Amino acid sequence: MMVGNSNYNWEELEETAIYKGDYSATHPTVKLFWETFHEFPLEKKKKFLLFLTGSDRIPIYGMASLQIVIQSTASGEEYLPVAHTCYNLLDLPKYSSKEILRARLTQALDNYEGFSLA
């Protein structure tokens with residue numbers, strides 16, 4: 001039975017992330033995203049993995065083999081982040097503050113299963 005790796009190296013996840021659209025590792029929204037993400041407790045980080053990839057475990061070869069993509073969207077900051085699990089792709093609107101980003105990301109993570117966002 002495959003259970004995946006349990007060595008959650010979150011910095012490695014950040015280092016191997018790919019950015020598309022207007023985003024780069026130095027974009028203000030991306031910086032706010034990673035600051036917020038690294039402040040999350042372990043269970044919320046695992047919830048993010050489940051949200052983004054469909055699994056809360058990492059591949060057997062570690063975080064470096066888990067390639068996530070974060071892309072900008074034209075949506076306003078009133079919209080939630082959207083995950084495309086087949087591609088490990090996160091559509092991340094441009095948020096103007098860490099508080100707004102945290103609130104929208106938390107709402108997305110807490111309500112992504114089923115039809116809770118209706």
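Where in the chain is the place of Cys 86? Cys 86 sits in the loop between S3 and S4. This is a predicted model, in which local features need pLDDT of at least 70 and side-chain atom pairs count only at pLDDT 80 or more, while totals for chains, interfaces and linings use all residues. Residues are numbered from 1 along each chain as its sequence is written, and side-chain values use heavy atoms, with hydrogens and water left out. Helices (H or I, at least four residues) and strands (E, at least two) are DSSP runs, numbered from the N terminus.

**Cys 86**

- UniProt, in an unreviewed entry, lists Cys 86 for "active site"; such annotations may be inferred rather than shown by experiment.
- Cys 86 counts as exposed because its relative accessibility is 70% (buried means under 20% relative accessible area, exposed over 50%, partly exposed in between, with a 1.4 Å probe and protein chains only).

**Helix H3 and Thr 53**

- The twelve residues of H3 should span 16 Å at 1.5 Å a residue, and its end C-alpha atoms are 16 Å apart, which agrees (the expected span is 1.5 Å times one less than the number of residues).
- The buried residues of H3 include Phe 48, Leu 49, Phe 51, Leu 52 and Thr 53.
- Among the elements that cover the buried residues of H3 are helix H1 (10-15), helix H2 (28-39) and helix H4 (98-111), and strands S3 (82-84) and S4 (89-92) are also included.
- Thr 53 belongs to helix H3, which covers residues 42-53.
- A polar atom of the Thr 53 side chain lies 2.6 Å from the backbone oxygen of Leu 49, and a polar atom of that side chain lies 2.9 Å from the backbone oxygen of Ser 55.
- Leaving aside neighbours within four places in sequence, Thr 53 is in contact (heavy atoms within 4.5 Å) with Leu 66, Thr 85 and Asn 88.
- After H3 comes Gly 54, whose phi is positive, near 90°.

**Paired strands**

- Strand S1 (residues 18-20) and strand S2 (residues 69-72) pair in the parallel sense over three bridges (two strands pair if DSSP finds at least two bridges between them).
- Lys 20 has Gln 71 in S2 as its bridge partner.
- S2 and S4 run parallel and are joined by four bridges; Ile 70 has Leu 90 in S4 as its bridge partner.

**Salt bridges**

- Side chains of opposite charge can pair when their charged atoms come close.
- The structure holds six salt bridges (a side-chain nitrogen of Lys or Arg within 4 Å of a carboxyl oxygen of Asp or Glu).
- Because Glu 39 lies in helix H2 and Arg 102 in helix H4, the pair ties together parts that are 63 residues apart in sequence.
- Glu 39 is partly exposed, with a relative accessible area of 45%, and Arg 102 counts as partly exposed at 29% relative accessibility.
- Lys 47 and Asp 110 meet through their side chains in a salt bridge (3.2 Å, N to O). Lys 47 lies in helix H3 and Asp 110 in helix H4, so the pair ties together parts that are 63 residues apart in sequence.
- Salt bridges that share partners join Glu 35, Glu 39, Lys 98 and Arg 102 into one network.

Technical notes
A polar contact is a pair of N or O atoms within 3.5 Å; within protein, one must be able to donate a hydrogen and the other to accept it, and residues adjacent in sequence count only if both atoms are side-chain atoms.
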